[in-house]
Amino acid sequence: MDPRQTPPSKEPRTYDRGREAFVSWLAKLTMRCQSQVVSVHHLKAPSGTVSVLLFFFFLLSHFPATAKDGLTGVVSGSDYYTVHPVFNPHPVENRTWTVSRFGPVGIGIDLVPPMFTMKIRNVEPGSPADGKLEPGQIIQSINGETLKDIDPREWLGRMIAKVEASDGKLNFKLEEKGSTKSVTVTIPVLGAYRETWPLNCPKSAKIVRNLADYLAKKGNHAGPSTKGLGLLFMLSTGEEKDLEVARRWVAEVVEEYKEVERIDSNAYYTWNVGYGGPALCEYYLRTGDESVMHLINLLSDYAKRSMYNGGWSHRGITLTFPYMGGAHLNACGVHVVTFLLLAKECGAKVDEYTLQTSLKQFYRFAGRGNTPYGDGLPEMSFVDNGKTGALAFTMAAAASLTPEGEKSIYAKARDVSAVKSFYSTSWLNHGHTGGGIGEIWRGASMGLMAEKKPAKHREFMDHRQWFYDLSRRHDGSFGIVGGGNRYDQELWGTGMALSYTVPRKTLRMTGAPPSPHSKKYQLPARPWGTARDEEFYRLDPVPGTSLTGEAVDAEKLETHSSWPIYRTVMDPSVDDKTLMAFAHHPDHGIRRYAVDAIFKHQRDHLILKLLQSEHPRARHAGTIAIYGTFKRRPMGIDRLTPEMIKRLTQMIHDPDESWWIVYNAIMALDACEADVIEPHLDRLVYWLEHDEWWLNMAAMTVLNKVVTSPEHYQRLLPLYGKKITNNRRAVPLGPLKGLTSQLKNARVLPEVQKLAREVLGNAYADFPNQYTAPGGVDLHTAADFFQRELNNTLSAVPGGMDALKTIPKRTSAWQKSRDDDDLYRFDGSVRDLHALHGRWTVIDLVPVIEAFKPDKKMDPGKAVFKDLTFQASGRTTNPSFIWSGQKLIDLGRNQMLLMESATFGDNVYLFIEAGGFTSGKPTDWHPGWYVLKR
């Protein structure tokens, strides 16, 4: 069965309505909670209850609701829907759903039981509805029509489009206090959308004009801040009137920063650079106004000083390592790379290391899934907070900068990232912090494909027309309907309007030709991978099935966006031909859905066919069918055949193979035992020592199967130690758990454990207490994290606690001097003070010993231990603490804490330094003293 020939289903099908309703409720509850604790402008990380809600919503949003209804079909059991909704989540009857804005009418509507009864939630002051409609009124009909058959949001959006194309009048039949009445609200007539909208469309032009005029009156929307979306929009209209406004805005910002020599802010400044910087560069490229170059150089310098491991954190210079696998926050960081590329085109002072390192970091994600949240591997869902759409603009900026332009690999990486928007649009307003920011870049990046993929762009825009119309406000501005208090506001809504202007190709990052002020620069022809890795940028299907390029170009959102495809492939009755067609699809995520289904349905013969393919994308699909994808376990050894193993090992030995395939092929071999791994030891060591950490991590994962064997430990363990010592990323430490698990095996020889202790102990001792990134950002939090991880690893190895004792410890003296001579070195001898023997309980925390008052209210704070029993021979009841004389040695945090006893009244108290010594604190900092009572 050709999946593109499936007729609409007329039969009722099963559908998990309860789960979907829960997703919808949880999404709204999460966003509502976020609005109470999170600043939109600051984008702070959530905590407490909100974190829990986000976690559950994250899980649910990545696992689509299931429906055995093929590609088309309807929601079985529903008394309302006759057409399957395109977007998930969507309103579910008999559950309340809020449509936060009925577009320019100026009201919010609650859809309440029974059957989507429309109840006015709020009336916006100054809107057409103000003074005519009131909260609490029930809407029985609008212009004589009632909600019917389709997604209520789409119905409401169509109503706006209909009246804006006629007389602008909406007649509301209202129910209030048992009586009915009719009220007419009039909105401006804008005309009808043309089939070519947003291009060559007077209505679209009016919408753009209304927003531009609104922004012109509202103050400055330029500068290094998220307000830079406003400047970007004004430049994107291509109209001289708006350029003059942009000149005024930029002049004000330039004046503000003219005396600034260096920016050191930590107030979420990465967002400011990423969202403000590209617009300033586009302004220079349009005008050649040299006055703005000082500010562009300031931002470029900040990007240099705040980059680490190729990316940027939430707050710029201040790190929260290892938040999300390395403290990167790519939702803002990806835009910083875009800025650097545009700044280079402007001729600004862009640090070469910063440019090349960040370009390589983000280039790796194109075509291989989603740009990840943090410093990790590409993510495999269709929910990404707009990072993949944003990457399309990064690659567009790279293509504009390099002389090869449209012939460059960056242009291909741009296109594959942009087309992702078509398939991901099923998951509206999904994502961490609510997902509204994703809608900005999903729509904007799809605009990059208006000429190359016109049918897909048309489908995308026409099916989201209701979304844009409901998001429009009566004053000409935009919000993001459904985006909650965080995103449904002017700041982010302005970014939504880029969907109307990106196809105009008025910016360098949207396809405008080089300006007289553009400077070309030769970027690497291939910054990462092999020639076969470039196959992942192709937009045509993988050869080998009935799937054709023409069929892909003709795909419809109702049938071939990610949600309906998921429902199709997960149906147990799906045939092999359909599964293989989708496994050869050009989109990475669709291929992933197909192989997940192949795995689930146990069609293992199809996996072998994929592994045997001559085409890289098909081989890769075969590897992830075995290795596992998002939240799915790998294939067990019971299903892994000798022929599959043969194909996987051929991939890792092929010097020309795609690195992305090699990574997944190695990980797929993790199901095998040592006897399968050993013949390929030399090649796996090659990948262990490779420059790319993805491949290092995969190799270490599999080599754990043989690392403790008598034949190989002397070769492998020192290599492990070298990699661990030189590593500066969080995620590659994952295989260490597998190493310690192997070392705990009772069959491991003592000499193997001894060498492991030495190697890990040396790695721990040699790891710096403090270090900085090449640009200068202080990485003390990262150093602390790595030392904790290495400490935990070493302590888990048999005999590791003894090795930990010999490693130099930080002290309060070191805190002041930062001199290695002030580190404490335990020589193994113990001075036993019998007066300390016994159990002591923490009762207070004081800054200095003299501040302790036995008669005052006490607060121990968050002590690292509640009590401690000192025993003979330097032992305590806590294996992480040993002692000698008046020194408490904290093996878990690699520090030595001084102890003093003092008598107050009739009682003896023990004072122990609270610890936490780190290079990130001032030299005059002291942690204070825990007060303990026997």
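W925 is partly exposed in this predicted model, with a relative accessible area of 24%. Its ring partner is F917, and the two form an edge-to-face aromatic pair. F917 counts as buried, since its relative accessibility is 4%.

Y269 belongs to helix α7 (residues 269-287) and Y302 to helix α8 (residues 293-306), so their contact ties together parts that are 33 residues apart in sequence.

Here are the two pairs side by side:

| Pair | Centre to centre | Angle between planes |
|---|---|---|
| F917 and W925 | 6.3 Å | 80° |

Rings also gather in a cluster: ring pairs link F362, F365, W528, Y627, W659, W660, Y663, W693 and W694.

Then there's F599, which has arginines over its ring. R632 lies over the face at 4.2 Å from the ring centre, and the charged end of R639 sits 4.5 Å from that centre.

Now for the strands. Seven of them make an open, antiparallel sheet, running in the order β8-β7-β13-β12-β11-β10-β9. At the edges are β8 (867-870) and β9 (881-884); each has a single partner strand, so one side of each is left without a neighbour in the sheet. From one strand to the next, the twist averages 35°. Inside the sheet, β7 (residues 838-846) pairs with β13 (residues 929-933) over five bridges, in the antiparallel sense. One of the residues involved is D844, whose bridge partner in β13 is V931.

How values were computed
Residues numbered from 1 in each chain as written. Predicted model: local features only at pLDDT ≥ 70, side-chain atom pairs only at ≥ 80, totals over all residues. Heavy atoms only, no water. Pairing = 2+ DSSP bridges. Helix = DSSP H or I, 4+ residues; strand = E, 2+ residues; numbered from the N terminus. Axes fitted to C-alpha atoms, helices over the stretch in contact; angles between N-to-C directions. Phe/Tyr/Trp six-rings, centres within 6.5 Å; stacked < 30°, edge-to-face > 60°. Buried < 20%, exposed > 50% of the residue type's maximum accessible area, 1.4 Å probe, protein only. Lys NZ or Arg CZ within 6 Å of the ring centre and 35° of its normal.
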